[in-house]
Amino acid sequence: MNRKAELERRTRETAVRVTLDLDGVAPPQVTTGIPFLDHMLTLFGIHGFVDVTLHAQGDLEVDSHHTVEDVGIVLGDAIQTALGDRNGIRRYGFAVTPMDDALAMVTIDLSRRPYLVFQVPSSEATGRVFNRSLAKEFFRALANHVGMNLHITVPYGENEHHILEAIFKSFGRALRQAVSMDERIGGVRSSKGML
């Protein structure tokens with residue numbers, strides 16, 4: 001199967017281009033102008049076995065919100081496109097990942113019904129231009145554009161870097177499960193016969 005996508009989004013605030021392969025093995029190549037977001041998206045690609053090449057330019061002189069949200073939009077659209085009709089996918093994915101003091105749990109349903117639950121404790125602020133609040137905006141945009149029910153729960157954690165790293169690793173691992181093919185599934189995995 002060819003589960004690939006190449007998309008671009010240009011606005012007055014940002015320009016984002018992504019190439020994605022859900023079944024790839026190449027190392028991620030990410031440049032957004034926000035080094036910590038680059039690190040997080042690289043972790044997503046590595047732990048999710050997703051080839052992703054993503055380049056973004058945004059109005060970072062204002063702040064990083066527009067860039068982060070638009071990266072979520074374009075990455076979500078790319079995953080949606082690569083999934084096609086969603087026939088044969090497992091649909092559900094779940095992962096629990098520790099990172100030192102933090103533990104992140106991510107659950108996904110590729111139902112075409114977008115919804116985000118983001119339960120993350122307050123933690124030691126890192127002072128970076130990417131933080132818990134922006135992570136929530138990223139995942140909201142992504143969930144809406146994939147058509148994904150996405151639950152992110154961090155029951156505990158002190159260091160924001162560790163919390164966010166555990167989340168992105170768990171997200172990659174959960175997505176890998178959900179997009180994986182299962183030969184027993186002839187169409188879509190739904191009692192309705194469609195998603």
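In the predicted model, four strands form an open sheet of mixed pairing, in the order S5-S6-S8-S7; helices and strands are DSSP runs, numbered from the N terminus, with at least four residues (H or I) for a helix and at least two (E) for a strand. Strands are taken as paired if DSSP finds at least two bridges between them. The edges are strand S5 (92-99) and strand S7 (115-119), each of which pairs on one side only. Direction ignored, neighbouring strands of this sheet are turned by 10° against each other on average; axes are lines fitted to C-alpha atoms, for helices over the stretch in contact, and angles run from 0 to 180 degrees between N-to-C directions. Residues are numbered from 1 along each chain as its sequence is written, and side-chain values use heavy atoms, with hydrogens and water left out. As the model is predicted, local features need pLDDT of at least 70 and side-chain atom pairs count only at pLDDT 80 or more, while totals for chains, interfaces and linings use all residues.

Within this sheet, S5 and strand S6 (residues 102-109) are antiparallel and share 8 bridges, with Met99 opposite Ala102 in S6. S6 is also joined to S8 by 6 bridges, again in the antiparallel sense, and here Ile108 stands opposite Leu150 in S8. S7 and S8, in contrast, run parallel and are joined by 5 bridges; Tyr115 is placed opposite Asn149 in S8. Helix H3 (residues 132-146) lies across S7 and strand S8 (149-156), at about 160° to S7. H4 also packs on the sheet, touching S5, S6 and S8, and its direction makes about 150° with that of S5. Contact here means heavy atoms within 4.5 Å.

A further open sheet of 4 strands has the order S1-S2-S4-S3, and its pairing is mixed. Its edge strands, S1 (4-10) and S3 (29-31), each pair on one side only. From one strand to the next the twist averages 5°. Strand S2 (residues 14-21) and strand S4 (residues 51-58) are antiparallel and joined by 8 bridges, Thr14 standing opposite Gly58 in S4. Helix H2 (residues 65-83) lies across S1, S2 and S4 and runs at about 30° to S2.

Two packed helices are described by the angle between their axes and the distance between the axes. For helix H1 (residues 35-48) and helix H4 (residues 160-179), the axes come within 7 Å and cross at roughly 35°. The crossing of H1 with H4 is right-handed, that is, the near helix is turned clockwise from the far one by less than a right angle. Residues of H1 in this contact include Phe36, Leu43 and Phe44, and those of H4 include Leu164, Phe168 and Phe171. The contact residues divide into 9 nonpolar, 5 polar and 4 charged, where Ala, Val, Leu, Ile, Met, Phe, Trp, Tyr, Cys and Pro count as nonpolar, Asp, Glu, Lys and Arg as charged, and the others, Gly among them, as polar.

The largest nonpolar core has 58 residues, of which Leu75, Ile108, Leu110, Phe130, Phe139, Leu150 and Phe171 touch the most other members. H4 gives the most to this core, with 10 residues. Such a core is a set of buried Ala, Val, Leu, Ile, Met, Phe, Trp, Tyr and Cys residues joined through side-chain atoms within 4.5 Å, buried being under 20% relative accessible area with a 1.4 Å probe, protein chains only. Neighbours within four places in sequence left aside, Leu75 is in contact with Val18, Leu20, Leu41, Phe44, Val52, Phe138 and Leu142.

Definitions and conventions:
Buried < 20%, exposed > 50% of the residue type's maximum accessible area, 1.4 Å probe, protein only.
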